[in-house]
Amino acid sequence: MRSAARIITSALILTACLAGKGFAFVETRSEGWDVPKDSPLYSPGKWKAAEQYFVTVERLRVHYIESGTGRTVVMIHGNAGAVEDFEFGVVELLSREYRVVAIDRPGHGKSERPAGKAETVEYQAELLHQTLSHLGITQPVLVGHSWGAALALAYALKYPDEVSAMILLAPAAYADDGGNVLLRTTIKTPIVGDLSLLLGKSIVGRRVLKRVLARAFFPQAVPDNYFKLATSSWLGRKQLKAYLEDEWALNDSLKKMSKRYSEIKIPVVIVTGDRDKIVSPKENAYRLQAAIPQSRLIELKKTGHQIPQTHPESVYAALTLISPSLASKLN
């Protein structure tokens with residue numbers, strides 16, 4: 001009975017964790033900067049869909065998509081998520097002028113995950129660096145959303161001479177006061193962890209996931225096609241375990257990383273929504289913008305956390321802000 005109670009309890013904790021936190025922890029603000037959604041660049045037109053590829057790095061299959069030509073922009077999704085997060089307009093829009101590469105982080109989407117060490121932002125930065133090196137990508141513009149923005153920051157700190165600029169969408173930049181020790185212990189325990197993940201998948205289901213996404217997309221509605229995508233790809237055992245491991249490991253990494261943000265010397269644009277219900281502006285992006293000398297902070301009105309899906313044109317607009325700096329590097 002005690003073992004059964006532990007399994008049920010851990011499953012309920014998993015449900016609460018997914019319902020309560022969902023993605024990452026950031027929000028930001030600046031004065032009067034809105035991107036017109038009816039921009040000609042956002043209007044529908046002829047576009048060749050991104051191609052899917054796999055590359056083997058450290059004996060792991062890493063999945064990515066690629067489209068377009070020009071200067072390389074690398075897209076990094078949040079937690080949870082996958083490369084499809086950027087296929088709601090961002091890849092199509094940017095690939096008209098840039099080479100766009102979006103990569104599934106370890107254990108998410110179709111990428112494999114090594115046992116025991118993939119959860120830290122620092123290790124994922126190393127793996128991303130090896131992946132980009134294998135693809136012959138140097139000096140990319142990194143675009144990171146939420147947890148993916150933390151990964152972009154870690155990459156820039158570890159490889160300061162190998163990034164040309166960053167665009168951070170609702171970035172997770174500073175540690176919060178969370179951390180569920182009981183959940184971590186339970187998931188790490190063999191058998192009990194596996195069963196709790198299976199129960200978590202059953203309990204979370206469509207209703208809880210839809211509630212999480214409703215908070216993330218607020219004040220916009222959750223697109224039906226995105227909800228179907230998340231339902232089919234986020235609740236597998238591999239993806240849930242990757243989500244949880246990434247979630248509980250982030251704080252430790254951010255505590256160390258945040259002390260070094262002033263070392264970042266490349267152009268940085270931070271984009272956020274003024275109605276973000278997932279993240280805190282005061283504890284993250286405001287501090288991040290103040291810490292990085294070359295950063296600019298942009299607020300999108302009536303916008304929540306899911307900027308890649310609701311405002312793909314803002315990513316292009318952010319690129320235009322740093323284009324002069326990129327051009328000077330080429331001359």
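For the protein chain, the mean pLDDT is 80, with 75% of the residues reaching 70 or more. The structure is a predicted model, in which local features need pLDDT of at least 70 and side-chain atom pairs count only at pLDDT 80 or more, whereas totals for chains, interfaces and linings use all residues. Residues are numbered from 1 along each chain as its sequence is written, and side-chain values use heavy atoms, with hydrogens and water left out.

The protein chain has eleven helices and eight strands, these being DSSP runs numbered from the N terminus (helices: H or I, at least four residues; strands: E, at least two). Of its 331 residues, 57% count as buried, where buried means under 20% relative accessible area, exposed over 50%, and partly exposed in between (1.4 Å probe, protein chains only). Among the contacts in the protein chain with a separation of 6 or more, 81% are accounted for by residues 24 or more positions apart.

Not counting residues up to four places away in sequence, Tyr-261 touches Leu-153, Leu-157, Ala-173, Tyr-174, Leu-254, Leu-288, Ala-291 and Ile-292. Ile-292 is placed in the loop between helix H9 (285-291) and strand E8 (295-300), and with 1% relative accessibility this residue counts as buried. With residues up to four places away again not counted, Ile-292 touches Leu-153, Tyr-261, Ile-264 and Val-268; the C-alpha atoms of Ile-292 and Val-268 are 7.8 Å apart, although the two residues are separated by 24 residues in sequence.

Helix H4 packs against helix H8 (residues 237-257) at an angle of about 40°, with the axes 11 Å apart, the axes being lines fitted to C-alpha atoms, for helices over the stretch in contact, and the angles running from 0 to 180 degrees between N-to-C directions. H4 is therefore oblique to H8, since angles under 35 degrees count as roughly parallel, over 145 as roughly antiparallel, 65 to 115 as roughly perpendicular and the rest as oblique. On the H4 side this contact is made by Trp-147, Ala-150, Leu-153, Ala-154 and Leu-157, and on the H8 side by Asp-246, Glu-247, Leu-250, Leu-254 and Met-257.

Helix H3 (residues 121-134) packs with H4 at an angle of about 75°, the axes lying 9 Å apart, and the two helices are therefore roughly perpendicular to each other. The residues that meet are Val-121, Gln-124, Ala-125, Glu-126, Leu-128, His-129 and Leu-132 in H3 and Trp-147, Ala-150, Leu-151, Ala-154, Tyr-155 and Lys-158 in H4. Within H3, His-129 counts as buried at 14% relative accessibility and, leaving aside its neighbours within four places in sequence, is in contact with Tyr-155, Tyr-159 and Glu-162. Thr-131, also placed in helix H3, is buried with a relative accessible area of 1% and touches Val-55, Val-57, Val-62 and Ile-103, not counting residues up to four places away in sequence.

Several backbone features fall in loops. The peptide bond from Asn-79 to Ala-80 is cis, with omega near 0°, and Ala-80 is found in the loop between strand E3 (72-76) and helix H2 (90-94). Phi is near 55° for Glu-58, a positive value in a residue other than glycine; Glu-58 counts as partly exposed at 36% relative accessibility. Ala-170, with a positive phi near 45°, lies in the loop between strand E6 (165-169) and helix H5 (181-188) and is buried, with a relative accessible area of 0%.

Note on methods. Contact = heavy atoms within 4.5 Å. pLDDT = per-residue confidence, 0-100.
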